[in-house]
Every structure is written in C-alpha cells, then in structure tokens.
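Hi,

Here is the structure I promised to pass on. Have a look at it first, and my notes follow below.

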Amino acid sequence: MEQGRIAALGMNTERVEGDRDLGSVALLPGLVNAHTHLELSYLRSQIPAADAFVTWIRGVMSARRQRPDPNSSEILDGIRAGIDEAVRSGTALVGDISNTLATHAPLHESPLAAVLFYELIRFNAPDPVAFVDQACQQIDGLPASASVRPSLAAHAPYSVAPLVFRAIRDAVDRRPFVPCSVHLSESREEVEFIATGEGAWRRFLEEVGSWSPDWVAPGVSPVRFLDDAGFLDKRVLAVHGVQMTREDLERLAAKGTTVVACPRSNAFTGAGAPPISSFYAAGVAVAVGTDSLASTPDLNVFSELAAMRRLAPHVPAARLIESATLTGARALGFDAEYGTLEPGKRARILAVRVPDAVSDVEEYLLSGIEPDQLFWVGDSPESVSL
Ligand SMILES: [Zn+2]
C-alpha cells in the first residue's frame, strides 16, 4: 500500500522489513452498504415490528414527528454512532438516504465514502420542477467533499407524483454520473395501489392529506410504471424488490438497473421475503443494503449477507459477496476506488479472521461475521496493529 492506495498485489515469497503477518485471515475490499438511512439511527429499537408495511410506516412517521429538529444532538449522536458501527462492521462505502441532509457533515468527517441521496417525497405537487430545483440548490450548497457525493432519490411510487419522478430524473441526468435511488415493489399494498389506486396506501394518503385527485392509477406493476415513465436505467438503485415478478426482474436486467436487497428490513416491516434467488436467476445486478436502524437490528452488511444466504441457499457464495462489494460500488459510481482489491484502488482492506477448521472461506463469510472477527488493514484510523 502506498499513500492510501493499493500499490501491488501478489504473493510475497520473502519477508522484508515492515511486513506484517496477519495470521489466518481472508482479505477483502471494504463492504458496500448500498441502502441505509443513517439519520434514522436514533430510532434503534424504537419502532415495533409490523405485520403490514403501512403499520410500520405509521410508527416511523409518528416517531419522527416527535423530533422535528434534524440537527438535534440526539439525531446527530445517532448518526455518528451508526457510522461507527458501520465502520466496525467492515463497511467502506454507503448509499445513504436522507430527508434532511443532516448526515452530510458526519459522513464527510468519517472514514466512510458515500453517495448522499437527498430523498424527495411529494405526491401532491403543484409545481414539480420548482420543487426539485429547490432540492438541487440545497445539495449544490453543501460544502465540497471528495468522499461524499450528493444526489437525489425519489421515495417510492406511492409517495412521489409522476411529474416529480420526471423532474428528479431530468435533474440527475444533468449532473456528471451520480446514481439515483427509489424504494420499489416493497409491499403488497404498493402493488395494489399502483395497479388499482385503492387499498391501504390510498387510505393512508387521504388520511395524511397528501392524496391528489388528479392522479390516475397506472394499472401496471410498480416496475413497469417507472419504466414507462422513463425513470429506470443503469443509474438507478431499485431498493427492496420484494414483490417483483419475473417479468419485472427481466425488465430491470435489460435496463441495467440495480436491485438492492434488504431482507432483514423486509421481514421486520411486514413487507415479506424478497425473492433473492430469482434476482440472481434473472441476471439483474444485485447489491446489498441494511436499511435503517428503524427496521433492522444493526448496520452490519455481513449480517445482511447471512440473511440473504438463508433465503437463497443455492446461489454461489462468490456472487453474494460480489453483491456486497463490486456490484454495490458500481451502482454507487465508486467502482474506480472501491469494490475490489486492485492496484490503484483505495486501500480500504478488510481482514476477517478465519478459523483453521474452515474449508470454504467464501461460505464462511456468509455465516454472520461480527465486528470482533474482523479488522481493517491499511489507511484507516481503526487499523489494528499486530
Ligand atoms: Zn429505505
């Protein structure tokens, strides 16, 4: 390693001054958490598990209403604790969703690289272009950071008006490559609402005063709806995909859109179990996200991989690991620096201790690796010197 970058890679046959013996470890690039909401970290263990997604959303909304100041010390302390936990769990890069941009400064000061997605929610928008322009001004006003790249995200098809989707895509397309994100095909209620305009989401929108009487139900699947609207391509991270059909997945594969699997969150929110094996069988790019501490017990991507392994016992281990490294880095536009161990990339190298009895190292990495089983090698302040 030289100046924080990988200089060369290979077998050392001779020991030279300064070499360190790391013991029996697997070396891998720092992991990529392609979908989380660090600003919700203060809600750890605060929201009850739900058997219906709308019930979980109600819990989050009422909890957030009690903390209207996004820069309160409780929220900022939660963000910093969440970042620490992510780093200790082996994460180098995150796709962080924020409604307030409160995570920008803590991320900038941290060892994590990030795409900071400023997430927009607006179902009833009289002037969609002005709404999105204003959001662009806010992210353009953030202090410059080499490690934190801002972009926009649309919350979901049931909470963002079609013209707002259009304006977000136009705004993202005007920027040098940055990805865009959307929660897509997460719950049965979403599928019902986009197909018929009825059900629990319709009632919820009416209840919170966000229903738009001009809105016409697309009458198709959420994936088809966003594709017909011109929203989906290789810039987009489609998060969750629990309800995606084979046709949906083939459509995403053809568009180059990345699906981000967050199975532990899906179980907690009542959305169900994502069809992980079908994601891979369809040839779609699959990344991994923990989602937020409002719906998952920790920010450990290794724990998420273990959940994916339980749901997809026959997908080769190497493909799951690739999802948590290279595919995530590529989806976030950071693959020139992260995602693999290659000369020139950042030396964010993770070492996972491997017990002597382990014969299949890749499978072992899917067994639920905890922070005390790993350490950073290289340029990070958390490096353990041996
Ligand atoms: Zn999310």
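**The zinc site**

Three histidines hold the zinc ion through their NE2 atoms: His-35, His-37 and His-183, at 2.1 to 2.2 Å from the metal. Keep in mind throughout that this is a predicted model. Along the chain, the zinc donors follow the spacing H-x1-H-x145-H. His-37 sits in the loop between β2 (31-36) and α1 (53-65), while His-183 belongs to strand β6 (residues 180-184), so this pair ties together parts that are 146 residues apart in sequence. Both His-37 and His-183 are buried.

**Overall build**

The protein has 14 helices and 11 strands. Buried residues account for 55% of the 386. Taking contacts between residues at least 6 apart in sequence, 74% of them join residues at least 24 apart.

As background, nonpolar side chains in soluble globular proteins tend to be buried together. Here the largest nonpolar core has 124 residues, and the ones with the most contacts inside it are Val-132, Leu-152, Ile-168, Phe-231 and Phe-302. Strand β4 (residues 113-120) gives the largest share of this core, with seven residues. Apart from that core lies another, of seven residues, which includes Ile-6, Leu-22, Ala-351 and Phe-375.

Leaving out residues up to four places away in sequence, Phe-231 touches Ala-154, Phe-165, Ile-168, Arg-169, Cys-180, Val-182, Leu-226 and Val-236.

**Aromatic rings**

A search of the whole structure turned up 13 aromatic pairs. One of them is Phe-123 with Phe-193, a tilted pair at 6.0 Å centre to centre with 55° between the planes. This pair links distant parts of the chain: Phe-123 is in the loop between β4 and α4 (128-140) and Phe-193 is in helix α6 (residues 188-196), 70 residues apart. Both Phe-123 and Phe-193 are buried.

Trp-201 and Phe-204 make another pair, with ring centres 5.2 Å apart and planes at 90°, so this one is edge-to-face. They are three residues apart in helix α7 (residues 200-207), which means about one helical turn separates them. Trp-201 and Phe-204 are both buried too. They also belong to one aromatic cluster together with Phe-53, Trp-56 and Tyr-158.

Which arginines have their charged ends over rings? Arg-149 has its charged end over the ring of Phe-334, 3.7 Å from the ring centre. Arg-202 does likewise over the ring of Trp-211, 4.0 Å from the centre.

**Two serines**

Ser-212 is in the loop between α7 and α8 (222-228). Its relative accessible area is 9%, so Ser-212 is buried. Not counting residues up to four places away in sequence, Ser-212 touches Phe-123 and Asn-124, and that Phe-123 is the partner of Phe-193 in the tilted pair above.

Ser-278 is in helix α11 (residues 276-281). With a relative accessible area of 35%, Ser-278 counts as partly exposed. Ser-278 and Met-244 are 34 residues apart in sequence, and their C-alpha atoms are 9.2 Å apart in space.

**Backbone points to check**

Most residues other than glycine have a negative phi. Leu-101 has a positive phi of about 65° although it is not a glycine. You will find Leu-101 in the loop between β3 (91-98) and α3 (104-108), and at 12% relative accessibility Leu-101 counts as buried.

Asp-291 also shows a positive phi of about 65° without being a glycine. That residue, Asp-291, lies in the loop between β9 (285-288) and α12 (301-311). Asp-291 is buried, at 5% relative accessible area.

Cheers

Definitions and conventions:
Residues numbered from 1 in each chain as written. Predicted model: local features only at pLDDT ≥ 70, side-chain atom pairs only at ≥ 80, totals over all residues. Heavy atoms only, no water. Donors = N, O, S within 2.8 Å, 3.2 Å for Na, K, Ca; no water. Helix = DSSP H or I, 4+ residues; strand = E, 2+ residues; numbered from the N terminus. Buried < 20%, exposed > 50% of the residue type's maximum accessible area, 1.4 Å probe, protein only. Core = buried A, V, L, I, M, F, W, Y, C linked by side-chain atoms within 4.5 Å. Contact = heavy atoms within 4.5 Å. Phe/Tyr/Trp six-rings, centres within 6.5 Å; stacked < 30°, edge-to-face > 60°. Lys NZ or Arg CZ within 6 Å of the ring centre and 35° of its normal.
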